[in-house]
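Me: I would like to go through a structure by asking what its labels rest on. Please set each value against its definition.

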Amino acid sequence: MSLLIAFSSYRARDYLADIYFYRHDGVRDGELLGSLPTESPRLRSDYRPWLTADGRTCAFSCQYHEVNPGELRLWDLREKRLIPLPDRNPNGADTMGAISGDGRYLAFAGWKRPGGLGGYDLFMYDLDRKALVPLPGLNSDYDEEMPALSHDGHWLAFTSNQPSAPDAPPAVTNIRLYDSREQKLVPLPGCGAPGCRDTQPSLCGNGRYLAFMSDRPDPGSESRSGNIHLYDRQTASLVPLPGLNSAAHDSQPAISPGGRFIVFASDRMGGAGQQDVYLYDRREAKLLPTPGLNHAAEDFEPAVVVLAPEMDRI
Amino acid sequence: MLRVGTAISRNCGGVTRRELLQIGGSSAFGLSLASALRASPAQPPGKADSCIVIWLNGGPSQHETFDPKPDQPSEIRGQYAPIETAVSGIRISSLLPQLARQADRYTIIRSFTHESFDHSFIPMMNGGAEARTAYGSVVSRFLGGTGAIPPYVHLGMRFLLGAGVLGSAHEPVVVTDPGQGSVNLPDYDPPPRVDSPRFKRRLQLLGEFETLRAHVEGSAALRAADATMQRALSMLAAPAVRDAFDLSREPMKLRERYGGTTFGQSCLLGRRLIEAGTRFVQVMWSDRGGSSFDTHGITRAGSFEMEQYLCPRMDQGVSALLQDMHERGLLKRTLVLGFGEFGRTHKINERGGRDHWPGVFSGFVAGGGTPAGTVVGSSDAEGAYPGSRPVRPGDLAATLYRLLGMSSLTDDRLRPFVRGGPVAELL
């Protein structure tokens, strides 16, 4: 069993999500491992898990019904304990946590958080130094959200609605890339589509591949709804994903550190519930069976790492 | 009462578990339908023969759907920019790209308004009238059916607004989860007047009809029932009716185009029922285990549910319905409306969500002789109150009835159900 998949699910409670873990052999078999414990099953909702490359740490967002506006958590899967994090945002929600593959950095979005510029801004916390990392030039007066980190935190993909002209109304959400070492934005030529909404980015370990969801027309499928796309920074072009998308809404992609596997959620027909988690193998260009993964309740927001890295080469 | 399956929808008032198929409301099985059949059907002289109401449970934000305010500060405009639509000059949220491409098929109402902050089907589903009676029941009573098919069908989560003074005869047939072929059926109760072990099995929707048909043909109890009762049961057991409810008859590609969600499949079933002759279909937003449009941000920070689940499913289901009905020529004589109980606050709360707000909100109207590619009313700069042409629930009711050929001006019996005037721009 070489792949570890984390995902959110409503299977245990009616509308409060829990995070589950599933192990897969990378071919056709897998097993459900269990879920994160919840201290207050009636109130707490856990969602959007994100894994370190070794599968040891899971970052996630959580919320107590009407108690706090949203905060981030880190769970040590080996020690089965929470890892302390800095103080909450005093102004509102912190959400959309994403941990780097090496476990050092935690990027997240904060609503009106001190130090921000707009509505949602992005922040990156250094778990070793226990301090926020400066991200000059990243945030704007608009909204920056949905961070995704490369293995060492060098590359930070995110979404923004910042328009090209200052003081203009917000633009349709698109994906941007930030170089945290050089502290500057990096162009993604050939990635965006004018007027289309690109969102939910996920980076592979070295930052070469960028998976994302877009509502752009996809000539490769009959879909008129969201589709998964893959951008290769090395060739500055989109990579075909034959057999992945459907006519239903396909979204929330997460690419494995080596770039071979993509997990995603889909509303397509034939699943166990309304929304299910699917595993796509780029090398084989097909969806892999995931026995025991999905449930009649909704399963969504998957993350994947490959515990046997040699399997993850494309 | 006959129940099949469950579906769940949630708002901040709690979770509601809904019967999948309920015939006759709380009355004895079949009785209400039988009574409904006694009503003399009339040929409606209106622009529309039938109607689909899409109830966007929880109250969707006007800012994130049909009335974006991009020039406002971030705590008002939210994260999602507007996009151009198929109609020059009309822009809607970028969260609804497929509906944007079909903006020439519907009219946006941007000035719904009332005073109730509660999650309730009143006033938007009864027009705020004194009579607490759903539109569908009124239509069932005054227009009747068009044949063997039930005149009034409810699809999705439980509907807490009944026929009221019109009596159980005009309660809807309820199908809570039409699209999930493998759904469990935990709430199955045998109908009280048809006592047979076969009815105690948990059956899926089509199985229910097969079983029902067997009983109509063979039950001594039913043979003793009055003729109208038998006719009611026969109606539901008729192959044509059974087929109308059978989504497996649709191509899988078309089913997927509607989305593999309860809501999407409800929209598709709505089209099938209209095609088969049902007069009034209610499609309720139903999200199994998920969320409604009640996006306070209390179970998930921010408006991300709008982006990740709610708007994509709404966009897919409604746009597929409009396109499918257009392609089949059904939209000309079928009125399609979509709205929720209210809108959301113009200012985003600390959780990044929006709270209840009936001051102004948006919806849409398509088909049935209404204009398309236009906007009725407007909100103010922040999207908090009507800026022009307020449309109250009573106006909505009067418009709906008028388009279906019913008017309190010509039929006094309709007066308890109408508390406003029709929106002239929609007639």
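Me: What is the bridge partner of A:Leu203 in β17(A)?
Reply: A:Leu210 is the bridge partner of A:Leu203 in β17(A). A strand here is a DSSP run of E with at least two residues, a helix is a run of H or I with at least four, and both are numbered from the N terminus.

Me: How are the numbers and letters set, and what kind of model is this?
Reply: This is a predicted model, where local features need pLDDT of at least 70, side-chain atom pairs count only at pLDDT 80 or more, and totals for chains, interfaces and linings use all residues. Residues are numbered from 1 along each chain as its sequence is written, chains are lettered from A and ligands numbered from 1 in the order in which they are written, and side-chain values use heavy atoms, with hydrogens and water left out.

Me: What makes β16(A) and β17(A) a pair?
Reply: Two strands pair if DSSP finds at least two bridges between them. β16(A) and β17(A), residues 209-214, have four bridges, so they pair, in the antiparallel sense.

Me: Which strands form the open sheet that has β20 in its order?
Reply: Four strands of chain A form this open sheet, in the order β20-β21-β22-β23, with antiparallel pairing. Its edge strands are β20 (250-255) and β23 (286-288) of chain A. Four bridges join β20(A) to β21(A), residues 261-266. There, A:Ser251 stands opposite A:Ala265.

Me: Why is the contact of A:Asp76 with A:Arg56 called a salt bridge?
Reply: The term needs a side-chain nitrogen of Lys or Arg within 4 Å of a carboxyl oxygen of Asp or Glu. The closest N and O atoms of A:Asp76 and A:Arg56 are 2.9 Å apart, so the pair qualifies.

Me: How do you know that chains A and B touch?
Reply: Contact means heavy atoms within 4.5 Å. By that test, 58 residues of chain B are in contact with 57 residues of chain A. The buried area is about 4,700 Å², and carbon and sulfur atoms give 49% of it. Buried area is the accessible area (1.4 Å probe) that two parts lose on being put together, summed over both.

Me: How many salt bridges join chain B to chain A?
Reply: The count is four. B:Arg313 forms a salt bridge with A:Glu298, with the closest N and O atoms 2.6 Å apart. The largest share of the side of chain B that touches chain A comes from α11(B), with nine residues.
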